[in-house]
Amino acid sequence: MDIVDFHKIESLARDFRNFLIFINGYMQQHSSEETVRILKISGIGVQKYPNSNKSEQLQTIIGALHSQYGKDDEHTNKWIEEVEIINNLFVDLIQLREAHGVNKIQKKRQAVGFLIALEIFLGSLKEYSMGRRLEKIKEVYPFVISLFDDRRRGRLIPAKVDHNRVAQIADSVAENASSIFKYFIYDDATLNFKNALKYDEIKILREHMNLYEIYNSIETLEEKWRMIGLDITIDKDIINFSMLDEKPFQAVSLSSARFQNQRMKWNLDFQNSDKTELHQKIKIDNTLLPTEGFISEEEVMHSISLGEFLLTRDLKMKLKNVELREWLRAYSVIKREMEEVIQKRFISNRVAPMQLTDWCDVRPASNWLQLFMSAGISEASAGIIINCLTFTLKSKDLLDCPFIPIPPRSDQEPEICVIPSLAVIIDPALSTISNMARSTSDIAMKGTGLENEVLKLLRSAGIPADQIKKTVNGETYECDTFFVLEDHLIFVECKAFGQPYGVRDYYQLIQNIIPLSEEVIPRAANDRSATEQLNRIAKYYLNHLPLLCEKLGLPEIWKPKSVTRIILTTAMLGENMFSDDCYIVDYSIFSRFIKRDMPYINIGPYRILNGDKNYEGDITFEKLMNIIVKSPQIDIFNRGIILNSVERKLYSKKLKYLIHTIPFSKIRIIDASVINKMITRGILPEDAHEQMKADR
């Protein structure tokens, strides 16, 4: 996969005049294939939203391509064809919306109506998931979302029967509603409409919730096409998206699945732990920040989860100049406030008018500033947080950025709208990690950070390890960790990157780790990838080996049998990686090997070990290299992954594409046939049944 700095290219493309100057110059020095790669990454010509000027830009770019490469160039014509197909998909999507009657509603009422419909959808689903009676929910909500059994004449299914399914619906709608809302933002839809809407209008706008998977599918496919590469073809009325290289797509899915599996483990460990000491630190109006104080038990759990991910108890580390504990507190305050809004609504025993202020929380931005400050967040940090949590076209979703800005009138200060039932399902740790994933560098790891955790881990296993920092002629050479195993020297560069979610984030992660395939736009001299940093450091200390010998108490004349370079990241990877003479491995894989913690799979309540001789007996260099070159954890998920074909019907077109799924990570009903299938596929060991019997 070719890696270029997509942030710089996208930023340049926002100023079309400058981008055109750049691309004309680029074409003079590069082939049509290389130029098309840059055009794809830039997103130029793709018209996601109506009434944009992308069509004119596309025609200008086509003219420039024809002038440079001719009208018969294979690569440019393929790009033009695919852009037009994608644009037609977005047009078809708009027609699908219109077919559901959305355009019958005045434009000024659409955005407000959508937010009301979304809150009713998620709010009623929340009450249903809590086991409330349908009759009681209908006293407050004009419609109720619930599960029904088609085989039993549409009989209502209690949420507890399939709580996971209810949670998945809520999460999916919350995540993908953001894609829908971006259409309203781009179309300059107003949120200043104060009058009540008709219930029939809300019912029509509710249809957007039935379209969220289609919205998300098209946006995701466009992103995959741009960042990694998809081949787009048309067969009658079916538009096929095919993977040019399956490996990176599989890596994205495996990375996400491994992290979700780890989150489940953290949550279970927390639920089963003794919380007596932690409860003494909980006060709903606490001004002490985590981990010194908490405002809820949930905040405790999210603090632990974030600490586990970063391998530190020091939540004073900063992201965008704001301490991580302040990010956690801000999200926790938002959740607390919105829970109160929902509770007050439910005890009202009435269906409120269809007005934004009756269903969503609308208050001045200054109110949130004061709330954050009263909860222990500094004024400077509170201002940064409000700005970062404000939803825009660039935001990932309304979970990471729940603040919807309402443009001020001349006599008012700016207001913020929050969708209560969406905000209460925010995972503060996950949203903080997600914000990290969108940062272009790792956060500053000071004090008890990843480096110290790695040193502690190695030393506890009896492995000589240390860190070193030297400044020579103004140049600093800081090695996070180096250790010697059986006279083999290993350099380690520690990186606290956020966990990627989806193709764009994974591309960002890889861009942070390995060298760019091409420096399309010049970068700063010290703007190095992780592997470039490590190679620079290793080169210096290999030329000054006695410095390392002194640190480890080795003879000054000692020479290593071999030299290995490892990039160690907090982000869980979905592939075994080697680039620029460096192995890239995540801390989960590395630490479990050093701790001799045998890989296992959680199947429901059972923990099934996958035997591996590399985890038995003494730690050796050969065994270490075995698990770094081919990780058992990644291999287990690789064996369980399958490709599923998906078809979606739009207005006049059909989409067809493949996605990776990992069925065993979602198993709820366990029987012998399921276990046998997993044994046959090599996901589980031959003695899985015996292990399960013993675990009972």
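Biologist: Asp466 first. Buried or exposed?

Modeller: This is a predicted model. In it, Asp466 is buried, because its relative accessible area is 14% and the cut-off for buried is under 20%.

Biologist: Where is Asp466 placed?

Modeller: In strand β10, which covers residues 465–472.

Biologist: And which side chain does the Asp466 side chain make a polar contact with?

Modeller: That of Arg459, at 3.5 Å.

Biologist: What else is Asp466 in contact with, leaving aside neighbours within four places in sequence?

Modeller: Besides Arg459, the list has Leu455, Asp480, Thr481, Phe482, Lys551 and Leu552.

Biologist: Switching to helices. How do α6 and α14 pack?

Modeller: Helix α6 (residues 107–129) and helix α14 (residues 324–346) pack at about 80°, with axes 12 Å apart. The two are therefore roughly perpendicular to each other.

Biologist: Which residues make that contact?

Modeller: From α6, Glu119, Lys126 and Glu127. From α14, Glu339, Ile342, Arg345 and Phe346.

Biologist: And by class?

Modeller: The contact of α6 with α14 has 5 charged residues, 2 nonpolar and no polar.

Biologist: Now the sheet with β7. What's the strand order?

Modeller: β7-β9-β8, an open sheet of 3 strands with antiparallel pairing. β7 (361–364) and β8 (404–406) are the edge strands, each pairing on one side only. Neighbouring strands are turned by 30° against each other on average, direction ignored.

Biologist: How many bridges between β7 and β9?

Modeller: 4, in the antiparallel sense; β9 covers residues 415–418.

Biologist: What stands opposite Arg363?

Modeller: Ile416, in β9.

How values were computed
Residues are numbered from 1 along each chain as its sequence is written. This is a predicted model: local features need pLDDT of at least 70, side-chain atom pairs count only at pLDDT 80 or more; totals for chains, interfaces and linings use all residues. Side-chain values use heavy atoms; hydrogens and water are left out. Buried means under 20% relative accessible area, exposed over 50%, partly exposed in between (1.4 Å probe, protein chains only). A polar contact is a pair of N or O atoms within 3.5 Å; within protein, one must be able to donate a hydrogen and the other to accept it, and residues adjacent in sequence count only if both atoms are side-chain atoms. Contact means heavy atoms within 4.5 Å. Axes are lines fitted to C-alpha atoms, for helices over the stretch in contact, and angles run from 0 to 180 degrees between N-to-C directions. Angles under 35 degrees count as roughly parallel, over 145 as roughly antiparallel, 65 to 115 as roughly perpendicular and the rest as oblique. Ala, Val, Leu, Ile, Met, Phe, Trp, Tyr, Cys and Pro count as nonpolar, Asp, Glu, Lys and Arg as charged, and the others, Gly among them, as polar. Two strands pair if DSSP finds at least two bridges between them.
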